[in-house]
Amino acid sequence: MIRLQNIAKVYRTTNIETLALNNISMDIAKGEFLSVMGPSGCGKSTLLNIMGLLDDPSKGSIQIANQETGSLNDKQLAKFRNQKLGFIFQSYHLINDLQVLDNVELPLLYRDTTARERKKLASEALEKVGLSNRMKHFPTQLSGGQRQRVAIARAIVGRPEIILADEPTGNLDSAMGNEIMDILINLNQKEGTTIVMVTHDENMARKTHRLVRLFDGSQVS
Ligand SMILES: Nc1ncnc2c1ncn2[C@@H]1O[C@H](COP(=O)(O)OP(=O)(O)OP(=O)(O)O)[C@@H](O)[C@H]1O
Ligand SMILES: [Mg+2]
């Protein structure tokens, strides 16, 4: 489903060069649930952003669902990303002046859907994460765990084949973290969604199919 070949990422600021990723190659199968661990600054978010086509690698190639992504122009890339990929960020990235339902609808705005269809799909996604009773709330009126569930609803509303999650349980207590994890496991098992999750938590990683460890931009296991 995802094939990375010889990916390198160099960040250049005025006087420092950081090799954030060093020659990473990996294959992630359809339906796989992969976790990525490693110390702070080792390149986990960089890897996820590159996999998610949010950032360009300095070297190497990315194939997603058999599509060589390097050959897509910006417009094609935006469309491809919108259709194939769902993102969950550690800091939720919700829009605070939009109600929960409207936040969840956002990815559908770029698609050919009617307002009525969007409402229906967004309410279904919120139901899956157990938030049907918070659709008219604003994000600031929700707990951290609830916000993260809204972010998950937004990631799944367009039924992407792949979900990329950057420390989705990082800001939550362990009970809430386990609930989020159960939602992801359920998506993976019931809908066959391919999931790549960055985590600091060995207990969460243990629940996934495979663990990749990064150190200083290189894959070490
Ligand atoms: N936009 C940027 N410009 C310059 N350097 C960057 C940039 N983004 C990341 N880096 C550097 O690249 C390296 C990898 O960063 P990255 O955010 O991928 O780490 P991480 O493994 O996700 O860490 P954490 O666990 O703290 O989130 C770090 O050394 C970081 O300082
Ligand atoms: Mg990070």
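In which loop is Glu-32 found? Select Glu-32: the residue sits in the loop between S2 and strand S3 (33-37). Helices (H or I, at least four residues) and strands (E, at least two) are DSSP runs, numbered from the N terminus.

Before moving on, some ground rules. This is a predicted model, in which local features need pLDDT of at least 70 and side-chain atom pairs count only at pLDDT 80 or more, while totals for chains, interfaces and linings use all residues. Residues are numbered from 1 along each chain as its sequence is written, chains are lettered from A and ligands numbered from 1 in the order in which they are written, and side-chain values use heavy atoms, with hydrogens and water left out.

**Stop 1**

Glu-32 is buried, because its relative accessible area is 13%. Buried means under 20% relative accessible area, exposed over 50%, and partly exposed in between (1.4 Å probe, protein chains only). Now show its contacts (heavy atoms within 4.5 Å). Leaving out residues up to four places away in sequence, Glu-32 touches Asp-27, Asn-188, Thr-193, Thr-194, Ile-195, His-209 and Arg-210.

Step across to Thr-193. Thr-193 is placed in the loop between helix H6 (174-191) and strand S8 (194-198). With 6% relative accessibility, Thr-193 counts as buried. Its contacts, with residues up to four places away in sequence not counted, include Gly-31, Glu-32, Pro-160 and Glu-161. Leu-187 and Asn-188 are also among them.

**Stop 2: ligand 1**

Select ligand 1 and the residues around it. A residue belongs here if one of its heavy atoms lies within 4 Å of the ligand. There are 13 residues around ligand 1, and Ser-40, Gly-41, Lys-44, Ser-45 and Thr-46 come nearest.

Look at the polar atoms next. A polar contact is a pair of N or O atoms within 3.5 Å; within protein, one must be able to donate a hydrogen and the other to accept it, and residues adjacent in sequence count only if both atoms are side-chain atoms. Lys-44 places a polar side-chain atom 2.7 Å from an oxygen atom of ligand 1. For Ser-45, the distance from a polar side-chain atom to an oxygen atom of the ligand is 2.8 Å. For Thr-46, the corresponding distance is 2.5 Å. The protein covers 62% of the 640 Å² of accessible area that ligand 1 has on its own. Accessible areas come from the Shrake-Rupley method with a 1.4 Å probe; for residues, only the protein chains shown count as cover.

Colour by element. Strand S2 (17-28) and helix H1 (44-51) are the elements that give two or more residues to the shell around ligand 1. H1 gives the most, with 3 residues.

**Stop 3: Leu-47**

Remain in helix H1 and pick Leu-47. Leu-47 is buried, because its relative accessible area is 1%. Beyond its neighbours within four places in sequence, Leu-47 is in contact with Leu-4, Leu-21, Ile-24, Met-26, Val-36 and Leu-214.

**Stop 4: helix H2**

Select residues 74-84, which form helix H2; Leu-77, Phe-80 and Asn-82 are buried there. Their cover includes strand S4 (59-64), strand S5 (67-68) and strand S6 (85-88). Go to the N-terminal end of H2. Asn-73 caps it, with a side-chain oxygen 3.1 Å from the backbone nitrogen of Lys-75.

**Stop 5: Thr-113**

Thr-113 is in the loop between helix H3 (100-105) and helix H4 (115-128). Thr-113 is partly exposed, with a relative accessible area of 21%. The side chain of Thr-113 reaches the backbone oxygen of Leu-108 at 3.2 Å.

**Stop 6: two positive phi values**

Most residues other than glycine have a negative phi. Select Asn-23, in strand S2. Asn-23 is not a glycine, yet has a positive phi of about 55 degrees. Asn-23 is partly exposed, at 46% relative accessible area. Then select Tyr-92, in the loop between S6 and H3. Phi of Tyr-92 is positive too, near 70 degrees. Tyr-92 counts as buried, at 12% relative accessibility.
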